[in-house]
Amino acid sequence: MSRPLPPLNALRAFEAAARLGSISRAADELHVTHGAVSRHIRTLEEALGAPLFEREGRGIAPTAAGLRLRGAAGDAFTTLQTAWAGLRRDGRPAALVLGCPGSLLARWVIPRLERLAVALPELKLHLSAQESGFDAALPGLDAALLLGESPLPSEWQIHVLGPERIGPVLSPRHPRYAALREAPPAALLEQPLLHTASRPQAWPRWFAAHSLAPDAWRPGTGFDHLTYLLEAAAAGLGVAIAPQELVQADLDSGRLIAPWGFAATGGEWALCTLRGNDDPRIRALAGWLRHELGGSGD
């Protein structure tokens, strides 16, 4: 059995005109002409056998029949709009929420997002900067990308991406640039060295990797975040220490140099999630990250 309904395009034009109190504004909203809206309304009035609007000053106002139809049409379109939005939302996979330190996000992840979109076009990410470390339960996150040192929380499943390599960097603006760039690593023991509170073992581990006394270094200015540390180094305020991948763009541009190279000191790049999380998107992301870093194997 058929269910007779008014023409939907005409009903849509009527509802917009009734809601906005103007045929011109309805035409603008629907991206059609004033005449098209008028014709749609006339079609409904002819089918109904009664007027739906009456003139009110320079505008229009619904008649009694128009008011009834406006209420029914408004409710119907709202219901359709809500249902359609829900269906579209349900049809899309939720974004994978990835947390990482702000400096890592800004200096390494964001510059690679275009390549990631090409390699994994179905993966939708929501990136969350984490400046105060990671809770073992990873609240609000699906995974965490970090540069860390063992032990990591036992609750985590770890996808190892590759070794971290760290090294000292300085700017051509450093007052002792000419002398330091030719000096051996031991010369840094005589310099006040820039450092971060988040990685207090970075300098001692680097000195130990070069067979130098790890506790003999002189702390200079400290910073909360690596980004500020590197900006201070770029301004010539001292020698900083950082992971190679996070300063590679500065090295390529000549903004910083690394005369003493980089060394693996036990840290790792890792993509971490809670144990039992078998989301295939995380494994796919781990594979892509590993490729970007030149690593292999979990």
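Two strands pair if DSSP finds at least two bridges between them. Strands E3 and E5 are joined by two bridges and run parallel.

## Basis of the model

This is a predicted model: local features need pLDDT of at least 70, side-chain atom pairs count only at pLDDT 80 or more, and totals for chains, interfaces and linings use all residues. Residues are numbered from 1 along each chain as its sequence is written, and side-chain values use heavy atoms, with hydrogens and water left out.

Helices (H or I, at least four residues) and strands (E, at least two) are DSSP runs, numbered from the N terminus.

## The sheet

Six strands form an open sheet. Their order is E4-E3-E5-E10-E6-E9, and the pairing is mixed. Strand E4 (125-129) and strand E9 (240-243) stand at the edges. Each has a single partner strand, so one side of each is left without a neighbour in the sheet. From one strand to the next, the twist averages 25°. Such angles run from 0 to 180 degrees between N-to-C directions, and axes are lines fitted to C-alpha atoms, for helices over the stretch in contact.

Strands of a sheet pair through backbone hydrogen bonds, either parallel or antiparallel. E3 and E4 run parallel and are joined by five bridges. Strand E6 (residues 156-169) and E9 run antiparallel, with four bridges between them. Pro-168 has Ile-241 in E9 as its bridge partner.

## Strand E3

Five of the five residues of E3 are buried (under 20% relative accessible area; exposed is over 50%, partly exposed in between, with a 1.4 Å probe and protein chains only). The strand is therefore largely enclosed by the rest of the structure. Leu-96, Leu-98 and Cys-100 point one way from E3. Val-97 and Gly-99 point the other way.

Leu-96 stands opposite Leu-125 in E4. Gly-99 stands opposite Ala-144 in E5.

## Helix H11 across the sheet

Helix H11 (residues 280-293) lies across strand E3 (96-100), E4, strand E5 (143-148), E6 and strand E10 (263-274). It runs at about 25° to E6. H11 has 14 residues and reaches 20 Å from its first C-alpha to its last. That is close to the 20 Å expected at 1.5 Å a residue, where the expected span is 1.5 Å times one less than the number of residues.

The buried residues of H11 are Ile-282, Leu-285, Ala-286, Trp-288, Leu-289, Arg-290 and Leu-293. An α-helix has 3.6 residues a turn, so residues three or four places apart point the same way. Gly-294 follows H11, and its phi is positive, near 75°.

The axes of helix H2 (residues 23-30) and helix H3 (residues 34-48) come within 8 Å and cross at roughly 110°. H2 is therefore roughly perpendicular to H3. Angles of 65 to 115 degrees count as roughly perpendicular, under 35 as roughly parallel, over 145 as roughly antiparallel and the rest as oblique. Ile-23, Ser-24, Ala-26 and Ala-27 in H2 are in contact (heavy atoms within 4.5 Å) with His-34, Val-37, Ser-38 and Ile-41 in H3. The residues of this contact divide into five nonpolar, three polar and no charged. Here Ala, Val, Leu, Ile, Met, Phe, Trp, Tyr, Cys and Pro count as nonpolar, Asp, Glu, Lys and Arg as charged, and the others, Gly among them, as polar.

The axes of helix H1 (residues 8-20) and H3 also come within 8 Å, crossing at roughly 110°. That makes H1 roughly perpendicular to H3. H1 contributes Asn-9, Ala-10, Leu-11, Ala-13, Phe-14 and Ala-17 to the contact, and H3 contributes Val-37, His-40, Ile-41 and Leu-44. These residues divide into eight nonpolar, two polar and no charged.

Gln-157 lies in strand E6. At 18% relative accessibility, Gln-157 counts as buried. Not counting residues up to four places away in sequence, Gln-157 touches Leu-271, Cys-272, Thr-273, Leu-274, Arg-275, Gly-276, Asn-277 and Arg-283. Val-160 also lies in E6. Val-160 counts as partly exposed, at 24% relative accessibility.

Leu-152 lies in the loop between E5 and E6. At 28% relative accessibility, Leu-152 counts as partly exposed. Leu-152 touches Leu-146, Ile-158 and Cys-272, again leaving out residues up to four places away in sequence. The C-alpha atoms of Leu-152 and Ala-136 are separated by 8.7 Å, though the two are 16 residues apart along the chain.
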